[in-house]
Amino acid sequence: MTNTWVKTTCAFCGVGCGVEARVSNNKIIVRGDKQHPANFGRLCSKGMALGEIVNNKGRLLQPYIEGKTTSWQSAIVKIATAFKQIIDRFGPEAIGFYLSGQLLTEDYYVANKLMKGFIGSPNIDTNSRLCMSSSVAAHKRAFGSDTVPGCYEDLEKAELIIITGANLAWCHPVLYQRIMAAKQQTPNLKIVVIDPRKTVTAQMADLHLPIQPGTDVLLFNGLLHYLFQVKKLNHHFIQQHTEGFSSTLHAARNEAHDLLFLAKQLAVSSDLVTQFYHWFSEADKVVTLYSQGINQSSCGTDKVNSILNCHLATGKIGKPGCGPFSLTGQPNAMGGREVGGMANSLAAHLEFNNSQHYDLLSHFWQTDKLVKQPGLKAVDLFDAAAKGKIKAIWIMGTNPVVSLPNSHHVIAALKNCPLVVVSDCMFETDTNTYANVLLPAAGWGEKSGMVTNSERRISRQRSLINPIGEAKPDWWIICQVAKQMGFSQAFSYSSEADIFKEYAALTGLKNKGTRDLDLSLFTNLTTQEYHDFTPVQWPAIKNTKQSNNKRFFADGKFYTQTTKAQFITVSYKPPATKTNSTYPLIFNTGRIRDQWHTMTRTSFIPKLCTHTPEPYVHINSLDATTFSIKHDELVQLTSHIGTLITRAKVSEKILSGQVFMPMHWTRMLSSSSHVSQLIAPNIDPFSGQPESKYTPVAISPWQYSCEAIVVVREKLTHKHFDYWIKQHIKGGYLYRLASRQSPENFYSKLLTQLKPDSASSRLAFYDKTEQEFRYGFINDQQLHACIFIAPRLNHFDLAWLNELLTLNLQPALLHRLITNNKTNALFTEKTLCACKQVSKKTICNTIRQLQLDNTTAVSQATLAGSVCGSCIPEIQILLDTQPLSANSNSKSS
Ligand SMILES: Nc1nc2c(c(=O)[nH]1)N[C@H]1C(S)=C(S)[C@@H](COP(=O)(O)OP(=O)(O)OC[C@H]3O[C@@H](n4cnc5c(=O)[nH]c(N)nc54)[C@H](O)[C@@H]3O)O[C@H]1N2
Ligand SMILES: Nc1nc2c(c(=O)[nH]1)N[C@H]1C(S)=C(S)[C@@H](COP(=O)(O)OP(=O)(O)OC[C@H]3O[C@@H](n4cnc5c(=O)[nH]c(N)nc54)[C@H](O)[C@@H]3O)O[C@H]1N2
Ligand code: SF4
Ligand SMILES: [Mo]
């Protein structure tokens, strides 16, 4: 345990922000690291909350076998023995590993080494398959290697930044803030956002193209043709450094020569399209940032190549302020790609299709079991388990029951697999439910190792405290199993530093510039140097000046056989499934500002739950009318594989014909608001990445008689509720419930669960106009629970309820709260600023009253946005949408 500031790295997104953390009064305090080149001191709402994920709330504290606690020794013996028996009976291919971009590089390296090198099964894949694999495949096709050419500094040097298929303001907030700061410095910097939705990011852009989902290839093919037409191609670069241009241009021209027709297909006016093309052609320095709106598609690889084609054709690559830039999502998605934890790569950018690479690696690892062929990618891996071909699967640091498409099938696969091992730091997850063996992993703040961010910068995560309970670092767990299986020699590392050095040595092995990934500078790192490691971008080559390594391809040389970049001829392919009269709407899924993926950690942090406390589906007002959907009512969404229930939010941020829902809610937190039960496993043919952003669905009102909000200190058993959402609040839980029963019956049912003490006093109130019952149960002057029930409760953003259990309420005050009617301000508060818990209403009122016109003034007056700044884009939108009406809790919230 340490009470001095320790430099470490954020556990959440791929921006890879530097954090300084310190233990004080048994709490971990964090602040941004001003020296870290990724963030220069900035942190977003999730980064600011890092200290709160390190506690024992909800943690998995011990190993379990078949639901019973056990020792590490017996868990490890159980796994190793079962693996050996399975290999003997069915061959090594019957074993599968499913890893995560949230493991550290050292964890990832030993998992890959054990599987591909010693167990001898290629069936090891990772959640990066759902995230980055289309970018990886496209990079390899065009550059001959999985290389992100640019760096964050390019954002400050660019004249035009294109953000496509990425909601940067919410998903990479610190990069977004960096771009906004650059724009203030250089007002000429233009920002174009390409996203079917009007996201917070889009609202801040100079130009927003709300293209028809899935049509990105058309848009960029159109750009290539336009660049040719207006003579803005870089012929010198094309001739010297690329191959395949003419056929690519030819295909683009065939497809996109008619601008009006093109604009019609994109569903955007030709003026907007031309404006975008014109800006690209005029700017010398262009960066194109892209993320899941591009990757998660049945033509994701082609989408990425259509972007790379435009940068290659103009030579806008490898130079300051230029380049295509794939944003990595997870904190170590890049590290996973480096070590080669995906089924179609060997290790450390050594590839299956290269016999020299194969020989190098088998010699380096001293093994004769190295796998010869690529293995099963994520979707196929679980499919093989469902078919009984995979007899044991080890899942580490990912929650596939939530995040893979077609969750019913994933559950069937896990049920059918004789041995499911799960390593996780949390006890309750949708995937843990199906584990035969559960292993407690050390989490952020406890573990130590390396992560690599989007710009190839390697930073240290450092431990601040000892692991809670019996939790152990993932690399340790993997090595124990390896040793128990008889591979002691190859897995006897004394620390994570040993592993990193071995990995660095592998990257430099006979490299001599033939592979992009070279960390030979660190081969002889001492343990102290590892301990003191400061952030470095790769490549980090022995005897080479580090400052030359910011950008790849500056010399026009690529990692293909001819050293020339490849143009890839791509043409528009519609998404795998089409909307029709039964499923007329396109179901798009993605992220919200303050939650991380399957919420296993962030849902425990009350202040991260206030911005968006309940899952929702955004639907346009036209479609709402067509399908009889009312704002704030519960609706049913159905695709050809499943059904879910969620709350409708009528919003003009989504266009007619589309709906959007956050991906985060799980079976642990909701009755049926998990999106993956609707999504079919349609994949990109090159990358195997699922199409998570385009599913045809139907929407209809869900019939229910009443709904309730329950604030309570103890968990409820939700089994019997027709609809429930659980939210962690300070001191307990807030449940949103709905039922087909009458309010009276539903109340009686709730009472059986709440079991109010006989000594407790009960407050009851009936609001006649709203037909709303309210009850408060008080024990020893403390609120035990309170219930609101009505046919419809129209005040779901009750910020004050989040605090209710921590307030030392006098009975009189409590009485007033319970018996207030809804005209009271308390009933319309929606939290906008998570750090300072400032409501949207307070911000709107302050803007109006003080006539404020900029975000700095709003921050000064309300404190909103004064800590992490993640809400500043939303404050800006409030400023821009003046004049504000007195009732600011508008539908578009
Ligand atoms: N708050 C938060 N931040 C995160 C994460 C998180 O869970 N929460 N996760 C991290 C991870 S792992 C990742 S991968 C990143 C993801 O970061 P992003 O990719 O930015 O996030 P998403 O919300 O999944 O999707 C981005 C956008 O793609 C748009 N889109 C959908 N279809 C299309 C299309 O056909 N074309 C185009 N051009 N756009 C389309 C969607 O409307 C959506 O706004 O975020 C990282 N950061
Ligand atoms: N519909 C839809 N589905 C999607 C997406 C989408 O946009 N739409 N996005 C996809 C993308 S881009 C991604 S990246 C995935 C993310 O999906 P997942 O990887 O399934 O989501 P997480 O919640 O991040 O899961 C991480 C798990 O690891 C645990 N964990 C945390 N730290 C550690 C550790 O140090 N060691 C171990 N062993 N465990 C740890 C957490 O408790 C959690 O259970 O979802 C994908 N699925
Ligand atoms: S932007 Fe936020 S979540 Fe991402 S690394 Fe930085 S602080 Fe962490
Ligand atoms: Mo991701």
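Before naming any element, I noted that helices (H or I, at least four residues) and strands (E, at least two) are DSSP runs, numbered from the N terminus. This is a predicted model, where local features need pLDDT of at least 70 and side-chain atom pairs count only at pLDDT 80 or more, while totals for chains, interfaces and linings use all residues. Residues are numbered from 1 along each chain as its sequence is written, chains are lettered from A and ligands numbered from 1 in the order in which they are written, and side-chain values use heavy atoms, with hydrogens and water left out.

**Entry 1: cavities**

I took a cavity to be a set of points, on a 1 Å grid over the protein atoms alone, where a 1.4 Å probe fits but cannot get out; a pocket is an open set with protein on both sides within 12 Å along at least five of seven lines, and lining residues have an atom within 4 Å of a point. Grid points are joined across faces, edges and corners, and a volume is the space filled by probe spheres set on the points.

My search of the whole structure turned up 12 cavities of 30 Å³ or more. The largest cavity has about 700 Å³ of volume. I found 43 residues lining it, with Gln102, Asn127, Gly397, Thr398 and His597 nearest its centre. Two or more lining residues come from each of α20 (400-403), β15 (419-424) and β21 (585-590).

Where does the largest cavity lie? It lies between domain 2 (64-129 + 332-352 + 366-492) and domain 4 (585-601 + 610-701), because both give residues to its lining. Domain bounds come from an automatic or database domain assignment.

**Entry 2: the second largest cavity**

This one holds about 540 Å³ of space. It is lined by 41 residues, and Gly165, Gln292, Gly293, Thr589 and Lys693 are the closest to its centre. I saw at least two lining residues from each of α7 (168-171), α15 (292-295) and β21. Which element gives the most? That is β21, with 3 residues.

**Entry 3: ligand 2**

I counted a residue as near a molecule if one of its heavy atoms lies within 4 Å of it. By that rule 32 residues surround ligand 2, and the closest are Gln102, Ser403, Asp424, Lys447 and Thr598.

Next I checked polar contacts to the ligand (pairs of N or O atoms within 3.5 Å). Polar side-chain atoms lie 2.7 Å from a ligand oxygen for Asn127 and 2.6 Å from a ligand oxygen for Asp424. For Thr589, a polar side-chain atom is 2.9 Å from a nitrogen of ligand 2. The protein covers 99% of the 930 Å² of accessible area that ligand 2 has on its own (Shrake-Rupley method, 1.4 Å probe).

**Entry 4: ligand 3**

Around ligand 3 I listed several residues, including Cys10, Cys13, Cys17 and Cys44. Both α1 (45-48) and α8 (173-185) give two or more residues to this shell.

**Entry 5: the largest pocket**

The largest pocket has a volume of about 1,100 Å³. Of its 34 lining residues, Gly144, Ser145, Glu351, His357 and Tyr559 are the closest to its centre. The largest share, 4 residues, comes from α5. Domain 2 and domain 3 both give residues to the lining, so the pocket lies between them.

Note on methods
A polar contact is a pair of N or O atoms within 3.5 Å; within protein, one must be able to donate a hydrogen and the other to accept it, and residues adjacent in sequence count only if both atoms are side-chain atoms.
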